[in-house]
Amino acid sequence: MFRGLSAFLFICLISSCVSTKDMFHQNKVIAHRGAWKAQSHPQNSLASLNEAIRLGCEGSEFDVWMTADEVLVVNHDADFKGMPIETSTYAQLLTQNLPNGEKIPTLKEYLAEGMKQTGTKLILEFKPSAISVERSEKVGELSVKTVQELNAQKWVDYITFSYEGGKKAIATDPKANVAYLNGDKSPAQLKEAGFFGFDYNIRVLRAKPEWIKEAQDLGLTVNAWTVNNPEDMQWLLDQKADFITTDEPELLFELIRKK
């Protein structure tokens, strides 16, 4: 009896050591704005998020803006149906829908949907503000605080074109994984600033392939966007990039399976 009880307690102890993070897929495939293209889902919609989850992507990337009344919403462009997001209220944005009938998702709604599973990470890109650097910093700060409020840290990694906003996000949560998008900082500069890695345009990495090994030697992650060409995908796989962001996740999965 005691021997059986000891075995049970050992199994429970081992199970408690397995974090949610260990359960996420590790296949390099990041669906750009969700998996939208093959099934004609709206970009950045809950439908495209759920399709990325269904496919088993390692991550689903999405874009976050802040409205005039400081509601964080998910949309790629600076405007939604002709309404500039930064100078429109959330109520104004709700007067229009996505093509599939969804309303524009708030960050909280998007995170809540993504947290229903533990296979696909949520890659949160907070957009630089066209109004001010201070507003870019606030979007970074509020994005992190929203993730903390929902206890979504295990699901979320961050990316941004705003160097200042990225540093603000890191300052808000030093444990947050924040990667930089703009392509103008060396791996050494990013390491010093506390970034998790870089997510650079494929053209940057083609021009400076030495940055891949340099970054990984420094403990930084390497991602590239937006990689839809099979030759570029294969090159990044050969270079052992950590992640590949694509509008064609199905194609990337096919290449990975052939390796």
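A salt bridge here is a side-chain nitrogen of Lys or Arg within 4 Å of a carboxyl oxygen of Asp or Glu. This is a predicted model, in which local features need pLDDT of at least 70 and side-chain atom pairs count only at pLDDT 80 or more, while totals for chains, interfaces and linings use all residues. Residues are numbered from 1 along each chain as its sequence is written, and side-chain values use heavy atoms, with hydrogens and water left out.

**Stop 1: a buried charged pair**

Select Lys-121 and Asp-157 and show their side chains. They meet in a salt bridge with an N to O distance of 3.4 Å. Lys-121 belongs to strand β6 and Asp-157 to strand β7, so the pair ties together parts that lie 36 residues apart in sequence. (Helices, H or I with at least four residues, and strands, E with at least two, are DSSP runs numbered from the N terminus.) Are these two residues buried or exposed? Lys-121 is buried at a relative accessible area of 9%, and Asp-157 is buried at 11%. Buried means under 20% relative accessible area, exposed means over 50%, and partly exposed lies in between, using a 1.4 Å probe and protein chains only.

**Stop 2: strand β7**

Now select β7 (156-160). Five of its five residues are buried, so the strand is largely enclosed by the rest of the structure. Look at which way the side chains go: Val-156, Tyr-158 and Thr-160 point one way, and Asp-157 and Ile-159 point the other way.

Next, bring in the neighbouring strands. Two strands count as paired if DSSP finds at least two bridges between them. β6 and β7 run parallel and are joined by four bridges; Leu-122 has Val-156 as its bridge partner in β7. With strand β8 (residues 178-180), β7 also pairs in the parallel sense, over three bridges. There, Ile-159 has Ala-179 as its bridge partner in β8.

**Stop 3: the crossovers**

Turn the view until the strands point away from you. A crossover is right-handed if, seen like this, the path from the first strand over the helix to the second runs clockwise. Follow β6, α5 and β7, which make a right-handed β-α-β unit. Then follow β7, α6 and β8, which make a right-handed unit as well.

**Stop 4: helix α5**

Select residues 133-149, helix α5. How far does this helix reach from its first C-alpha to its last? Its 17 residues span 24 Å, close to the 24 Å expected at 1.5 Å a residue, where the expected span is 1.5 Å times one less than the number of residues.

Colour the buried residues of α5, which are Arg-135, Ser-136, Val-139, Gly-140, Ser-143, Val-144, Thr-146 and Val-147. The elements that cover them include β2 (59-66), β3 (72-74), α4 (107-114), β6 (121-126), β7 and α6 (163-172); contact here means heavy atoms within 4.5 Å. Just after the helix, click on Asn-151, which takes a positive phi of about 55 degrees.

**Stop 5: across to helix α4**

From α5, select Glu-149 together with Lys-108. Their side chains meet in a salt bridge at 3.1 Å, N to O. This pair links distant parts of the chain, with Glu-149 in helix α5 and Lys-108 in helix α4, 41 residues apart. Glu-149 is exposed at a relative accessible area of 52%, and Lys-108 is partly exposed at 41%.

Staying with α4, pick out its buried residues: Leu-107, Tyr-110, Leu-111, Glu-113 and Gly-114. Seen down the axis of α4, they fall within an arc of 160 degrees, so they line one face of the helix; the arc is that of the directions from the helix axis to the C-beta atoms. Among the elements covering them are α2 (46-55), β2 and α5.

Glu-113 also forms a salt bridge with Lys-116, their closest N and O atoms being 3.0 Å apart. Glu-113 is buried at 18% relative accessible area, whereas Lys-116 is exposed at 65%. In total, the salt bridge count comes to 14.

**Last stop: Leu-205**

Finally, select Leu-205 in helix α8 (residues 202-207). Leu-205 is buried, with a relative accessible area of 0%. Leaving aside residues up to four places away in sequence, Leu-205 touches Phe-198, Tyr-200, Ile-212, Val-222, Asn-223, Ala-224, Trp-235 and Leu-236. Draw a distance from Leu-205 to Ala-224: their C-alpha atoms are separated by 7.7 Å, and the two residues are 19 apart along the chain.
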